[in-house]
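Keep the sequence and the structure in view while reading.

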Amino acid sequence: MRKTHKLTLTAMMIAIGTLSSNLFYIPIGFTKVFPIQHFLNVLSAVLLGPVYAVAQALCVSILRNMMGTGSIFAFPGSMVGALLAGLLFMKTRKIYMAFFGEVIGTGILGAILCYPIATLLMGQEAAVFGFIPLFIFSSIAGGLIGAIILSIFLKKKIAVFTQNGTPLK
């Protein structure tokens with residue numbers, strides 16, 4: 001896949017993620033459950049690679065915060081998930097590894113990274129019993145949707161090309 005195609009797909013994912021944030025999020029205290037971002041992380045990790053996935057996650061996080069629909073927790077958490085999803089997919093070439101990378105990166109490592117800020121803003125009890133489970137749930141839901149959609153494309157014999165231009169099998 002040419003660099004211009006990758007940039008175009010990244011821009012399209014940024015637009016979809018940013019625009020859909022006005023429609024599809026659940027505000028809960030200082031956090032927002034936004035599975036579409038995790039869905040886009042898996043798609044961009046598989047189709048474009050870790051660098052573009054992280055760029056997509058960063059841009060969507062910044063734009064969502066500027067629009068007032070974002071969360072300060074999205075910056076580190078979502079970017080870690082996108083990076084890990086891309087790296088695991090590159091190593092294994094398996095869609096489910098991109099899903100696990102997103103869940104481990106965003107849901108677990110991202111939650112750990114954001115825990116100190118969440119504790120300061122919400123209190124320890126709300127962070128442990130509210131924020132962390134929602135972060136994990138959001139990454140599982142969005143990552144699973146991304147993996148399922150890519151799997152459906154493959155079963156229907158729709159050509160899905162990965163970051164290095166080879167067809168996904």
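The expected span of a helix is 1.5 Å times one less than its number of residues. The model shown here is predicted. Helix α1 covers residues 3-20, which makes 18 residues. From first C-alpha to last, α1 reaches 26 Å, close to the expected 26 Å.

Several residues of α1 are buried: Lys6, Thr10, Met13, Ile14, Gly17, Thr18 and Ser20. What lies over these buried residues? The cover includes α2 and α3, the latter being residues 50-67.

Helix α2 spans residues 35-47 and holds histidine 38. Histidine 38 counts as buried because its relative accessibility is 8%. Asparagine 41 has a value of 0%, so asparagine 41 counts as buried too.

| Residue | Relative accessibility | State |
|---|---|---|
| Histidine 38 | 8% | buried |
| Asparagine 41 | 0% | buried |

The contacts below leave out residues up to four places away in sequence. Histidine 38 touches Glu102, Thr106, Ser138, Ser139, Gly142 and Gly143. Asparagine 41 is in contact with Ala53, Gln56, Ala57, Ser78, Ala82, Glu102 and Thr106.

Which residue makes a polar contact with the side chain of asparagine 41? The partner is serine 78, through its side chain, at 2.9 Å.

How values were computed. Residues numbered from 1 in each chain as written. Predicted model: local features only at pLDDT ≥ 70, side-chain atom pairs only at ≥ 80, totals over all residues. Heavy atoms only, no water. Helix = DSSP H or I, 4+ residues; strand = E, 2+ residues; numbered from the N terminus. Buried < 20%, exposed > 50% of the residue type's maximum accessible area, 1.4 Å probe, protein only. Contact = heavy atoms within 4.5 Å. Polar contact = N/O pair within 3.5 Å; in protein donor to acceptor, adjacent residues only side chain to side chain.
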